[in-house]
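Thanks, everyone. Let me put the model up, and then we'll walk through it.

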Amino acid sequence: MTTLRDIIDSERRRKAGEIPHRGTLAPGSWSMDEMMDLVSIYGRGVCPGFRIDADNRDLYEQLVLWTVGSPLMRCLDPVTGARIQGDPNKGIYIGGMTGRGKSVALKVLRRLHDLNPLACRDRFGNVRLAGSWTERRADEITDAYAIDGSIVGLKNEPILCIQDFGSEPQESLYMGNRVAVMRSLLEYRGDTRWLTFISSNIPMGHDYLRQRYGDRVQSRLRAMCNYLELEGEDRRI
């Protein structure tokens, strides 16, 4: 079995042009500080200025705990903001203002998920496969529907990551018909329980989300995702 230190060392060798070591993370072989080292490596691969600090460390710790399927994972009640028990069998919804690092966090989570793809199964017993992660911006999904008139493939992706949820047009026009594409997609995925990950400027419990997408979507999001928030200053400045 591969230890976390093996993986960190292999990532550093890969940066130097060497072939990375492949393996599955051994249970009990890691510490949170080591995981934060790995998160920093992955984060800088996405954004060179990435750093772990007081504003984002807790979120990344919860992503690590989700990755390993730990019952210690905590998330937020989207209505009260209280810290509650997380569910590693659910996806994750990250809310926060523009520039806080939400999109980067989900890209880092994809790399973390590769470490331990068999940690959890969905509600139907399907194994989470590392190679099945599909990532799309919300506006890319609605634009694609306007061209093809279908989102069937995304409805049935075992793992779908939707970046910048809420930035897309509320409706898409195809062959003269207007369709609320994102509402349809999330209602369907909420019923099937495929894993869904979301970054958004809209807090999950905000009334604007209900007004824009309806009670059914807001209810399904709570059932299918752990809610986390990123705070702090704009990291793009």
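How does Cys 47 count: buried, partly exposed or exposed? Cys 47 counts as partly exposed, because its relative accessibility is 33%. The cut-offs: buried is under 20% relative accessible area, exposed is over 50%, and partly exposed is in between, with a 1.4 Å probe and protein chains only. Cys 161 counts as buried, because its relative accessibility is 0%. The structure holds 0 disulfides, a disulfide being a pair of cysteine sulfur atoms within 2.5 Å.

A word on the source. This is a predicted model, where local features need pLDDT of at least 70, side-chain atom pairs count only at pLDDT 80 or more, and totals for chains, interfaces and linings use all residues. Residues are numbered from 1 along each chain as its sequence is written, and side-chain values use heavy atoms, with hydrogens and water left out.

Now the overview. The protein has 9 helices and 9 strands. Those are DSSP runs, numbered from the N terminus: helices are H or I with at least four residues, strands are E with at least two. Of the 237 residues, 46% count as buried. Take contacts with a separation of 6 or more: 73% of them join residues 24 or more positions apart. Contact here means heavy atoms within 4.5 Å.

On to strand S8, residues 195-200. 6 of its 6 residues are buried. Leu 195, Phe 197 and Ser 199 point one way. Thr 196, Ile 198 and Ser 200 point the other way.

What does S8 pair with? Strand S3, residues 91-95, runs parallel to S8 and is joined to it by 4 bridges. Ile 94 has Ser 199 as its bridge partner. Strand S5, residues 159-165, also runs parallel to S8, with 5 bridges. There, Ile 159 stands opposite Leu 195. Pairing requires at least two DSSP bridges between two strands.

Last stop: Lys 102, in helix H4, residues 102-115. Lys 102 is buried and has no salt bridge. A salt bridge needs a side-chain nitrogen of Lys or Arg within 4 Å of a carboxyl oxygen of Asp or Glu. The nearest side chain of opposite charge, Asp 164, is 5.9 Å away. Leaving out residues up to four places away in sequence, Lys 102 touches several others, including Ile 94, Gln 163, Ser 199 and Leu 230.

Definitions and conventions:
Lys and Arg count as positive and Asp and Glu as negative; His and the chain ends are not counted.
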